[in-house]
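Here is a short briefing for a reader who is new to this structure. Please look over the sequence and the model before reading on.

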Amino acid sequence: MGTTTEFVFGGFLFGVFTAYWAQTTHRNPWLWLFFGWFLPPVAGVLLLLKNSARPAPRNLDARGRDDLIAVRKDIP
C-alpha cells in the first residue's frame, strides 16, 4: 500500500470514530464523519473541547435524587 492509501484509510477510520463519538453525545454524525475524515487532528481536538463542558449540578433536596419516584404507595 502507498502512503496516500494509508492516509486516506486512516482518515476514514478516524472519521468513523468521530461520527460514533458525536452520535453518542447527540451531535450530527454525518458532519463529524466528513470533518474527521478530512481534518482528523482538528476534528478530534474540537470534539474534545465541545465535550469538555459539563452540565451544571442539579440541586438536590434532603430526600436525594429528584428524578426518582416511588411506585409503591408504602414507600415515602
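In this predicted model, the axes of helix H1 (residues 3–24) and helix H3 (residues 40–52) come within 10 Å and cross at roughly 15°. H1 is therefore roughly parallel to H3, since angles under 35 degrees count as roughly parallel. The crossing of these two helices is left-handed.

**H1 with H3**
- On the H1 side, the contact is made by Gly 11, Phe 14, Thr 18, Trp 21 and Ala 22.
- On the H3 side, Pro 40, Gly 44, Leu 47, Leu 48 and Asn 51 take part.
- Six residues of the contact between H1 and H3 are nonpolar, four are polar and none is charged.

**H1 with H2**
- The axes of H1 and H2 come within 7 Å and cross at roughly 150°.
- H1 is therefore roughly antiparallel to H2, because angles over 145 degrees count that way.
- The crossing of H1 with H2 is right-handed.
- H1 brings Val 8, Gly 11, Phe 12, Phe 14, Gly 15, Val 16, Thr 18, Ala 19, Ala 22 and Gln 23 to this contact.
- H2 answers with Pro 29, Trp 32, Leu 33, Gly 36 and Trp 37.
- By type, the residues of the contact between H1 and H2 are ten nonpolar, five polar and no charged.

**Two valines of H1**
- Val 8 lies in helix H1 and is partly exposed, with a relative accessible area of 41%.
- The C-alpha atoms of Val 8 and Phe 38 are 8.5 Å apart, while the two residues are 30 apart along the chain.
- Val 16 also has its place in H1 and is partly exposed, at 37% relative accessible area.
- Between the C-alpha atoms of Val 16 and Trp 30 there are 9.3 Å, and 14 residues separate the pair along the chain.

**H2 with H3**
- The axes of H2 and H3 come within 5 Å and cross at roughly 135°.
- That angle makes H2 oblique to H3.
- Trp 32, Phe 35, Gly 36, Trp 37 and Phe 38 are the H2 residues in this contact.
- They meet Pro 40, Val 42, Ala 43, Leu 46, Leu 47 and Lys 50 of H3.
- The residues of the contact between H2 and H3 include nine that are nonpolar, one polar and one charged.

**The loop between H1 and H2**
- His 26 sits in the loop between H1 and helix H2 (29–38).
- Its phi is near 60°, a positive value in a residue other than glycine.
- Most residues other than glycine have a negative phi.
- Is His 26 buried or exposed? His 26 counts as exposed, because its relative accessibility is 74% and exposed means over 50%.

**The chain as a whole**
- The protein chain has three helices and zero strands.
- Along the sequence, the pattern is α-α-α.
- Of its 76 residues, 16% count as buried.
- The protein chain exposes about 6600 Å². Carbon and sulfur atoms supply 67% of that area.
- Among contacts between residues at least 6 apart in sequence, 31% join residues at least 24 apart.

Terms used
Residues are numbered from 1 along each chain as its sequence is written. This is a predicted model: local features need pLDDT of at least 70, side-chain atom pairs count only at pLDDT 80 or more; totals for chains, interfaces and linings use all residues. Side-chain values use heavy atoms; hydrogens and water are left out. Axes are lines fitted to C-alpha atoms, for helices over the stretch in contact, and angles run from 0 to 180 degrees between N-to-C directions. Helices (H or I, at least four residues) and strands (E, at least two) are DSSP runs, numbered from the N terminus. Angles under 35 degrees count as roughly parallel, over 145 as roughly antiparallel, 65 to 115 as roughly perpendicular and the rest as oblique. A crossing is left-handed if the near helix is turned anticlockwise from the far one by less than a right angle, and right-handed if clockwise. Contact means heavy atoms within 4.5 Å. Ala, Val, Leu, Ile, Met, Phe, Trp, Tyr, Cys and Pro count as nonpolar, Asp, Glu, Lys and Arg as charged, and the others, Gly among them, as polar. Buried means under 20% relative accessible area, exposed over 50%, partly exposed in between (1.4 Å probe, protein chains only). Accessible areas come from the Shrake-Rupley method with a 1.4 Å probe; for residues, only the protein chains shown count as cover.
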